[in-house]
Amino acid sequence: MPATRRPDAERVVVTGMGMVTCLGGDVASTWAAAEAGRSGIRELTLFDPRGLACRVGGEVQPAWLPRIPLAPHEQSGGRPYLLARGAAEEAARQAGLASIATRDRIALVLGGHANTPSYDDLVTLARHTDAQGGVSLPGLAGEAAYGAHQFHRRRCDHAPALLARSLDVRGPALPVVSACAAGGQAIGEALKLLREQRAQVVVAGGTECQLNYSAYIGCVLLGALAKRVNEPDKASRPFDRRRSGFVMAEGSAMLVLETLASARARGQRVLGEILGYGDSADGFRITDMHPEGLGGAQAMAAALADAGLAPDDVQYVNAHGTSTPLNDPTETLAIKHALGEHARRVPISSNKSMMGHSFGAAGAIEAVLTLVGMQRGVVLPTINLEVPDPRCDLDYVPNQARAVAHRVALSNSFGFGGQNACLALGAGE
Amino acid sequence: MPWRAAITGRALHGAWPGGVRGLRAACARGGQGPTPLPSPPALPGHALRGVRLAAEPPLRLYDAAERVLGRHGRWLLAVAREAHAEAGLHAWPREQVGLCVALGMVDPDAEDLAAAVAASRAGDGSLSLERFHAGGFRAMHPLWPLSMLGNVAAGQVAIDLDLRGDNTVLASDGSAGVRVLLEARRALQAGAAGAVLAAAASEPLTPARAARLALAGPAAAWCEPGEGAAALVLEPEASAAARGARVAGWLVGAAACHGLEGEPAAALLGRAVQGALSEAGWQPGEAGHVVRVGSVSAASLGGLGLHAPATAPGEAVGDLLGAAPLLATALAVECGAPRVLVVHAEGSRAAGALAVEVAA
């Protein structure tokens, strides 16, 4: 634990958590499925994937979608907003957010990338595009599907604005758009808001729903998705020699964060603590991670320093662990750089083996699961780890959850474009 | 005494020549102002106007960057390089230089899709979805998906300038521009970075963006879009003084607010202005000049106690969305007053204010 404690007014704790994922419609059901090592990866139903080499993903099942009647102005938020609203409601209930009178001291930080132009959008645009690339606006305006909502659908600040209104959050509302690092960075930015006393409480997390044709073929074109998939639940296999790419997923997780002083004053149960945050840029290539994992290592070192922790204090690492040929050995190197010899003693696992990769939501989902794991003394498994890659030679908790009493963990999120985030998480008191 | 972030680098790229000084001249003479966009055609009832970039910045890039950056990314990189050089950041430890970027939306460009559409035509020339599914989509460039990610332009700036410190990317529109300056100043104040490059770019005026604006109706009626980018380098006052950096001014206060349910735009703007003034320790009458950005009208300033002369660069060069508050801050230093307030609003959605002290 940190050698020197910050004062209670600067310690940031978690008092509410919510999630909607491909494993369940809330924290409890997602955790139960993950602890059992179940996979949420299925054949896709949200669009027709015929003709594509990869046809699986982590969809939120219809029964798990939040049953929240949306006001007319909320319809424009689409599925990313709906999932975020569901996760936020769960977290807000647990934290008693509604009872806080000073609404201007509540902030919101949301990672995610709004609605991708859908396949229908692309087809609609193509229908009104001439051979020179000119677009007929009157033609577009005549399309019912391309109405005024189109203006908002792709705005990354739209879901945070809607969420702030629905939760009556009156402090700052920040949209973070750093690709796969966004969920972790959102929690990191929330930590800063609270430590600097710019807010008393922050609702922070991520939401992402990119399981549509255009986003999916984008990842097919990049060659980043799992290939030769016969069994959907075996498609995501981080650190396994036979991994062939990541599996796309959707989901959302939200946390209510506040200073320890605030939680005590409100009589809220502390579910965990955000001990520190580190971020960095790879500054290497737009398409690849730094081959030695230096950017990831710098983010981990920064998180440890921010938390006042030594590498030996780390008892678990929730890896970014995407299941791509490049990420997993590179992240292994990054962990070794950051933790030194201790890297060989610390359990590491990838939630993406069960849940796929939900981009801007992943960092928040993994932070919540890490906190629940500390509460329960359980480290989640990396499933489908059957033939270890010799370059991935650490303890990845293969295939079965493990009982491990632990109170300090790191959670990594590394983004396309080279942005890295690492959260140092604690069990709280 | 407010905490002062020194401005040691400024760069602008837009439809006017001559950078910051050129912008000042354009504002002084009223500028050309937004003109009707020749394409796409305006909808009935939507007189769409805007300012297109006169010339793209000359940049030499490697192939992958060339493909993924897009026009807005090129503008961002151009101003980032220029501000970074002006501030003399090359000698800094790369882990200590932070990056805060504001970007708008990245639209699918008809050119990106054209090859796939052409490869998916049926015999009668119509678009065949079956052919598109069956492999027509593969005619799109494999790096197209990366070009659609908002943060990729920021990632390229980090690569190009070897910036490896604290970083964040915020979206969308003008409020993100205020917030990146606010976050940059906070990062410096908290010691999370030794210097921060804050940069932003507007969205290119693509047919899709024009369509969105036209179809948004009153929500975007105030916006006459422009194309361009702006960058500032901020560092702690003591650091700038210690290394003898040329300081153009100081950011001494910043506030950003989102609109509350039912809150009038004037009240929202008032909250933002009050926040920045309070942080700067100023009274409204102490601002010797005001730079208006976004939907802020000249008439709205008096109600906030702001009676100083005002400049509205957007009237000359169009609204540069996230880049507009940075552009306005760069311009503030040239306004001839020792204290300048930048005020920004997007109707009743969001508002922000930035308090700038100008070096003698």
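**Exercise 1. Describe how H2(A) packs against H6(A), beginning with the handedness of the crossing.**

Solution. The model is a predicted one.
Step 1: The crossing of H2(A) with H6(A) is right-handed.
Step 2: Helix H2 of chain A spans residues 78–95 and helix H6 of chain A spans residues 158–167; their axes come within 10 Å and cross at roughly 35°.
Step 3: On the H2(A) side, the contact is formed by A:Pro80, A:Tyr81, A:Ala84, A:Arg85, A:Ala88 and A:Ala92. On the H6(A) side, the partners are A:Ala159, A:Leu162, A:Leu163, A:Ser166 and A:Leu167.
Step 4: Sorted by class, the residues of this contact comprise 9 nonpolar, 1 polar and 1 charged.

**Exercise 2. Determine how H10(A) and H11(A) are oriented to each other.**

Solution. 
Step 1: Helix H10 (residues 294–307) and helix H11 (residues 327–339), both of chain A, pack at an angle of about 40°, with their axes 8 Å apart.
Step 2: Angles under 35 degrees count as roughly parallel, and 65 to 115 as roughly perpendicular. H10(A) and H11(A) are therefore oblique to each other.
Step 3: The handedness of the H10(A) and H11(A) crossing is right-handed.
Step 4: H10(A) contributes A:Gly296, A:Ala297, A:Met300 and A:Ala301 to the contact, while H11(A) contributes A:Glu331, A:Ala334, A:His337 and A:Ala338. These residues divide into 5 nonpolar, 2 polar and 1 charged.

**Exercise 3. Which residues have the most contacts inside the largest nonpolar core?**

Solution. 
Step 1: The largest nonpolar core has 274 residues. Those with the most contacts inside this core are A:Val202, A:Leu255, A:Val368, B:Val79, B:Ala198, B:Ala231 and B:Leu234.
Step 2: Helix H2 (residues 63–87) of chain B gives the most to the core, with 11 residues.
Step 3: Beyond residues up to four places away in sequence, A:Leu255 touches, among others, A:Val14, A:Met17, A:Ala91, A:Ile187, A:Ala204 and A:Val368.

**Exercise 4. Are B:Gln283 and B:Pro2 buried, partly exposed or exposed?**

Solution. 
Step 1: B:Gln283 lies in the loop between helix H10 (265–280) and strand E9 (289–294) of chain B.
Step 2: B:Gln283 has 9 other C-beta atoms within 10 Å, so this residue is exposed.
Step 3: B:Pro2 is located in the segment before strand E1 (5–13) of chain B. With 15 C-beta neighbours inside 10 Å, B:Pro2 counts as partly exposed.
Step 4: B:Pro2 and B:Val252 are 250 residues apart in sequence, yet their C-alpha atoms are 5.9 Å apart in space. Not counting residues up to four places away in sequence, B:Pro2 touches B:Val252, B:Gly253, B:Glu279, B:Ala280 and B:Gly281.
Step 5: For the chain as a whole, 61% of the 360 residues of chain B count as buried.

How values were computed: Residues numbered from 1 in each chain as written. Chains lettered and ligands numbered in written order. Predicted model: local features only at pLDDT ≥ 70, side-chain atom pairs only at ≥ 80, totals over all residues. Axes fitted to C-alpha atoms, helices over the stretch in contact; angles between N-to-C directions. Helix = DSSP H or I, 4+ residues; strand = E, 2+ residues; numbered from the N terminus. Parallel < 35°, antiparallel > 145°, perpendicular 65-115°, else oblique. Left-handed = near helix turned anticlockwise from the far one by under 90°. Contact = placed C-beta atoms within 7 Å. Nonpolar A, V, L, I, M, F, W, Y, C, P; charged D, E, K, R; others polar. Buried ≥ 20, exposed ≤ 12 C-beta atoms within 10 Å, placed from the backbone. Core = buried A, V, L, I, M, F, W, Y, C linked by C-beta atoms within 7 Å.
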